[in-house]
Structures are given as structure tokens and as C-alpha cells.
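Here's a quick tour for anyone meeting this protein for the first time. Have a look at the model, and then we'll walk through a few spots inside it.

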Amino acid sequence: MTLITTAGSSSTAALVDRRDAPVASSMKLKRLGDTGVEVSELALGTWQYQGGVRPLQTGIELGATFIDTAEVYGTEPVVGQAIRGIRERVFLASKVSPRHFRRQDVIKAAECSLKQLNTHYLDLYQLHWPNYTVPIGETMSAMERLVETGKVRFIGVSNFTVGELRRAQSVLSTARIVSNQVRYSLVDRTPEDGLLQYCDSHSISLLAFSPLATGFENMRRRDPSDALGQVAAAIGKTPVQVALSWCLSHATVIAIFKANKVEHVRENCAVSGVELSAEHRQLLESGIRHNRRTRPERFVRRLVRRALQYAGRNLGDPTALDHDRAS
């Protein structure tokens, strides 16, 4: 809430709630897929989020109006609290758990998320990760139905390979997949082996989660020559901001960061619009040790996931929908 003193008020100032007022921001916008809709290039993530309402509201005030949550995170209620009264200023994304990929379950899960978030619609609804035990046509049919009924504006996926993206799109009648959310950072550059290029050529936004390597100390340990520090000193930014800026330098990429503290939200949002030189990008890419899973490695991981799912595992923990059913 922004409190201001009204003109002509007495010494006991009248206070006005300005949560619904536009906030001036230098946050850069990027187009979401081929939708024509522009969203903030930095999104507020809520996986393992424990910061409460204020850090989220600070991010929104600074222009990071894209918020990403999921039914398995358990953070939809706090997001709902943070956007109360300012829903129309926010681009709101959530995800359906693989345990709910049957047609009627997808619809019920979406309705439960809407209730948890205290909203009538989701801007983006995503499949959290593939479920090989349910035909993708059944799942995508439900997603398309949610679009037709106005409960969802756009369809996205998460943790999908190029082949899985193609199959999911092929069973849609009229809607298009506008985004794929995957792990991407200076220390995990697996999407560069085909996925990033595919998304770019098919107008699909790549939503990068863990752009700071699930804890920035993990990235610093892989930076023996302190490339982050060198670039930070050269451009007058912090190493965290440099890492985020590298991720955002790809036109297709929107970076999702999680920050439990207001000061970290401010630091991260201040990087929007910063451009790295080709020399600085090269220094970071050559100086920081990174992973890039090979295609055989990715194939084996999919086989393991498939086996686990047919054994009833790797489908996500119970969510609010499951608790409602059990009560």
C-alpha cells in the first residue's frame, strides 16, 4: 500500500490507498510468445517462497508484474493476498500438477487454483511437467476448454523437450502453446542444445526458472576466475545482477527469480534493461563452468521418469484439490 497525504488536509492527514494506481517503472517488457501481449522480462517466482506479501508487492511496484506460482508450491494463497485489489495490474501464471492431468482433474485443479488465488481467471496456465501415463490429447483438450470458458487466457508447459512440445501443440485445435518453463542459467545451459532455438523459431517464450542456480553460492563456486565479479565491476552492477542480465540477454527468455526479502527484490529488478557487451558475455560463458545435458542423458532421464510414473511416483505431492477431496 502507498499512503499519501491528500491536498488541503489538516495536520491529521487523510490517508489514501493507492494500490490500484499505475507505478512508474523502467522494467523492460517482452512479448509473450505470439500473443501480442507484453509482460515484464523479470517474473516473481514462488517455489519454496517464504517471504510473505511484502516482497511480492515490492516487485509489482517495481514493474515485475508477472507472478508465477503452482498448485504444488502451496503459495497460491499468499500470491492471492499480494495481488488483492491490483489483480488487473498483474500477469498471473500457475501450473497444474501431473497428478491432475486427466480431463476433469485439469478443470477441477484450475478451479481450485482460482479459488486459492481469489481471482476469476489465470493469464497463463501451465502443465508442470510431463505425465507419460495420461494421453497428452486428453490433457490439452481440458486446457483448451479452460481457454474457451474464459478461465485461462493462454496455455503454457514446463519442463518439456522439443519433441514433447511438438506433440502437445499437435493435439490442440485452435489454441497455441505460448511458453515453456525450464531451468536455465549460466551454470545450466541445457536449453541451448535445441530447445532455445526451437522456442525462438516458433514464437514460444522460454521462461527460465532458477536463473541464479537455486542459490547464488552454487554459481559462485563454478566461477573460479571471478568472471561475475569482473563484469560487475566493469558495468557498475552486482554479480547477481550480472547473472540475471546474461539470462535476459536472450530475446526469447523471461527470467523467473525467487526472493524472500525486499532488498533482494529491489536488487534483482534493478537489472532490467541492462545490456551486456559481447565481450562480457564471452567472459561469463567461458569463465563459469556449466552443465549442458547431452541428448542421450536427457533420453535416459525421460525413461526413468516414465518408469517412476507408471509405478505411481513423480506425479507431484498432494495439493489443495486433493485435500478438499479428502475432507
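How many cavities of 30 Å³ or more does a search of the whole structure find? The search turns up 2. A cavity here is a set of points, on a 1 Å grid over the protein atoms alone, where a 1.4 Å probe fits but cannot get out, and its lining residues have an atom within 4 Å of a point.

Before going on, a word on the model: it is predicted, so local features need pLDDT of at least 70 and side-chain atom pairs count only at pLDDT 80 or more, while totals for chains, interfaces and linings use all residues. Residues are numbered from 1 along each chain as its sequence is written, and side-chain values use heavy atoms, with hydrogens and water left out.

The mean pLDDT (the predictor's confidence in each residue, from 0 to 100) is 92, and 92% of the residues reach 70 or more. Over residues 1-24, though, pLDDT stays under 50.

Back to the second largest cavity, which holds about 40 Å³ of space. Its lining includes Leu-44, Tyr-49, Phe-257 and Lys-258. Strand 5 (42-45) and helix 1 (53-61) each supply at least two of the lining residues; both are DSSP runs numbered from the N terminus (helices H or I, at least four residues; strands E, at least two).

Contacts are heavy atoms within 4.5 Å, and the ones in the table leave out residues up to four places away in sequence.

| Residue | Loop between | Relative accessible area | Contacts include |
|---|---|---|---|
| Thr-319 | helix 12 (295-310) and helix 13 (320-326) | 2% | Glu-71, Val-72, Ser-97 and His-100 |
| His-128 | strand 8 (122-127) and helix 4 (136-148) | 7% | Val-72, Lys-95, Ser-97 and Asn-159 |

Val-72 and Ser-97 are touched by Thr-319 and also by His-128.

What about the nonpolar core, a set of buried Ala, Val, Leu, Ile, Met, Phe, Trp, Tyr and Cys residues joined through side-chain atoms within 4.5 Å? The largest has 79 residues, of which Tyr-125, Leu-165, Leu-228 and Leu-284 touch the most other members. A second, separate core of 13 residues includes Val-37, Phe-66, Ile-254 and Ile-256.

Leu-284 also turns up in helix 11 (residues 278-287), where His-280, Glu-285 and Gly-287 are buried along with it. The buried residues of helix 11 pack against helix 8 (227-235) and helix 9 (239-248).

How values were computed: Buried means under 20% relative accessible area, exposed over 50%, partly exposed in between (1.4 Å probe, protein chains only). On a 1 Å grid over the protein atoms alone, a cavity is a set of points where a 1.4 Å probe fits but cannot get out, and a pocket is an open set with protein on both sides within 12 Å along at least five of seven lines; lining residues have an atom within 4 Å of a point. Grid points are joined across faces, edges and corners, and a volume is the space filled by probe spheres set on the points.
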